Amino acid sequence: MKFFGILSAVNSLGMGNLTFEKELYKIEYNSCIQSTFYKKRMIMRTRFGELENMMVKEKAYAKVNLGLDVLRRRPDGYHELKMIMQTVDICDDLTFERKKEPGVLLRIEGADLPADKDNLVCRATALLMEEKRIHEGVSITLKKRIPIAAGMAGGSADAAATMRGLNALFEMGYSTEKLRKLGVKLGADIPYCILGGTMLSEGIGEVLTPLAPPPECCLVVAKPDIDVSTAFVYRNLKADSLPFHPDIDGMARALEAGDLQGITDRMENVLETVTVREYPIIDRIKGRMRELGAENALMSGSGPTVFGIYKDRETAKKAADAIREEKLAGAVFETRFCGGVNA
C-alpha cells in the first residue's frame with residue numbers, strides 16, 4: 001500500500017524560518033527485514049548544476065535496557081532514572097540528499113507512520129536547519145525495521161541518525177557533544193542514540209557514562225502484537241514504593257569483568273511492574289525464552305519487547321523458531337549486541 005499526502009504548515013517547534021509548506025510526503029509500506037551491521041557511515045558526492053548534491057547514509061540502531069531503575073519522580077514531572085542501555089544489531093536505514101528547493105521531502109518504507117511535522121525525523125531536521133539558518137531543502141528516505149512502540153527507542157534512533165546525517169550533509173561542524181545537547185530538546189533517549197554502545201544512563205536519560213561492552217553472546221528479541229504507551233507506563237508507575245531496585249552498579253562491575261552470568265543475574269526492569277500487569281503476554285514470553293535456554297530474559301524500556309540472552313547461536317535460533325511457531329510475537333529477531341556509531 002502506498003500513501004501520498006500534502007502538508008502545509010510551519011514546523012511544530014515554532015521556528016518560522018523553516019517550513020514544510022507544499023512539500024510532498026511519500027510513504028511506502030513494505031515488509032520488514034533484519035539488517036546487517038555496518039560500522040561506517042557512507043557519504044557519496046555528485047554534481048548537480050552549481051549545487052554539490054551530497055548523499056549521506058546513516059543507520060539508526062535499536063537499544064535494549066540491560067537494567068532499568070527509576071529513583072524518583074521529579075517536581076517537573078520527569079523521572080530520575082538509572083539504567084544501562086545497550087545497542088543491538090537491529091537498525092533502520094536513512095538516506096539524506098540535498099535539494100535546491102527549501103523544505104523537507106520524507107519518504108518512509110516498512111511502517112505505517114505519519115511523515116509530517118510531528119515525526120521525530122522532521123522535528124530533528126527542523127531543529128538543526130533552523131539552528132544553522134540553512135535555507136536549502138533535504139530529501140530523506142527512512143527504511144523502518146525497528147518495531148514501533150516497542151521500548152527499543154526506534155523513533156529516537158531515527159532522530160539521532162537524522163542529526164548525524166544532516167551534520168555531515170550540510171557540513172554543520174557540530175561536535176557529538178553539541179548534537180547530544182540539541183537532541184535532548186526532542187527526547188531523553190536521543191543523546192544516547194547519537195552515541196550508542198554500552199552506557200550508564202542517568203538523570204532523565206541524558207547523563208551518559210561509557211561502560212565496558214558485554215561479552216559475546218546471542219540474542220532473541222520478540223515484540224508481541226501490542227503497542228505500549230511510554231506515557232501511560234510512567235504515569236502509572238509507583239516510583240516511591242517500588243518492590244525492588246535493580247543492582248545497576250553491580251551490573252556495571254560485571255560488564256567490566258566480562259562476566260555474562262553476573263550481567264544476566266542482575267537483569268531487572270522496574271517498568272515491568274506496570275506493563276506486565278497490563279499485558280501478561282510479556283511475562284509469558286520471558287518465561288518461554290528461559291525454558292528455551294535463555295540465561296535470562298527481560299522487557300526492554302517501557303515494553304512490550306522482550307529480549308533473551310543465549311550463550312550460543314544454535315540455542316538462540318531454536319528459541320526464535322519456537323516463539324515464531326507458537327505465535328507469541330509478531331516480530332522476532334535473532335541478533336547480537338553491537339558497539340556505538342564510531343565502533
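**Entry 1: a crossover**

I first asked: what handedness does the β-α-β unit of strand 6, helix 1 and strand 7 have? I found that strand 6, helix 1 and strand 7 make a left-handed β-α-β unit. A crossover is right-handed if, with the strands pointing away from the viewer, the path from the first strand over the helix to the second runs clockwise. Helices (H or I, at least four residues) and strands (E, at least two) are DSSP runs, numbered from the N terminus.

I noted the ground rules next. This is a predicted model, where local features need pLDDT of at least 70 and side-chain atom pairs count only at pLDDT 80 or more, while totals for chains, interfaces and linings use all residues. Residues are numbered from 1 along each chain as its sequence is written, and side-chain values use heavy atoms, with hydrogens and water left out.

**Entry 2: strand 7 and its partners**

I looked up which strands pair with strand 7; two strands pair if DSSP finds at least two bridges between them. Strand 6 (residues 103–109) runs parallel to strand 7, with 7 bridges. Strand 5 pairs with strand 7 in the antiparallel sense, also over 7 bridges.

I then picked out single bridges. L105 has S139 of strand 7 as its bridge partner. I108 has L142 of strand 7 as its partner.

Is strand 7 largely enclosed or open? Strand 7 (residues 137–143) is largely enclosed by the rest of the structure, because 5 of its 7 residues are buried. Buried means under 20% relative accessible area, exposed over 50%, and partly exposed in between (1.4 Å probe, protein chains only). Strand 6 is mostly covered too, with 5 of its 7 residues buried.

**Entry 3: L142 and D92**

L142 sits in strand 7. I read a relative accessible area of 1% for L142, so it is buried. D92 belongs to strand 5. D92 has a relative accessible area of 0%, so it is buried as well.

D92 and L142 are 50 residues apart in sequence, and their C-alpha atoms are 7.1 Å apart. L142 and T162 are 20 residues apart in sequence and 9.7 Å apart, C-alpha to C-alpha.

**Entry 4: the largest pocket**

Rolling a probe the size of a water molecule over the atoms shows where empty space is left. The search uses a 1 Å grid over the protein atoms alone and a 1.4 Å probe; a pocket is an open set of points with protein on both sides within 12 Å along at least five of seven lines, and lining residues have an atom within 4 Å of a point.

I found a volume of about 1200 Å³ for the largest pocket. Its lining has 44 residues, and A153, S156, D189, T230 and S302 are the closest to its centre. Among the elements that each supply at least two lining residues are strand 4 (51–73), strand 5 (79–99) and helix 2 (154–169). By type, I counted 23 nonpolar, 14 polar and 7 charged residues in the lining. Ala, Val, Leu, Ile, Met, Phe, Trp, Tyr, Cys and Pro count as nonpolar, Asp, Glu, Lys and Arg as charged, and the others, Gly among them, as polar.

T305 lies in the loop between strand 11 (296–299) and strand 12 (306–310). T305 counts as buried because its relative accessibility is 0%. Its side chain reaches the backbone oxygen of A150 at 2.8 Å.

K286 is in helix 9 (residues 281–291). I read 6% relative accessible area for K286, so it is buried. The side chains of K286 and E272 are joined by a polar contact of 2.8 Å. A polar contact is a pair of N or O atoms within 3.5 Å; within protein, one must be able to donate a hydrogen and the other to accept it, and residues adjacent in sequence count only if both atoms are side-chain atoms.

Most residues other than glycine have a negative phi, and most peptide bonds are trans. I looked for exceptions.

G303 and P304 are joined by a cis peptide bond, with omega about 10°. P304 is in the loop between strand 11 and strand 12. A149 has a positive phi, near 50°. A149 lies in the loop between strand 7 and helix 2, and is partly exposed at 32% relative accessible area. K327 has a positive phi of about 55°. K327 is exposed, with a relative accessible area of 71%.

Notes:
Grid points are joined across faces, edges and corners, and a volume is the space filled by probe spheres set on the points.
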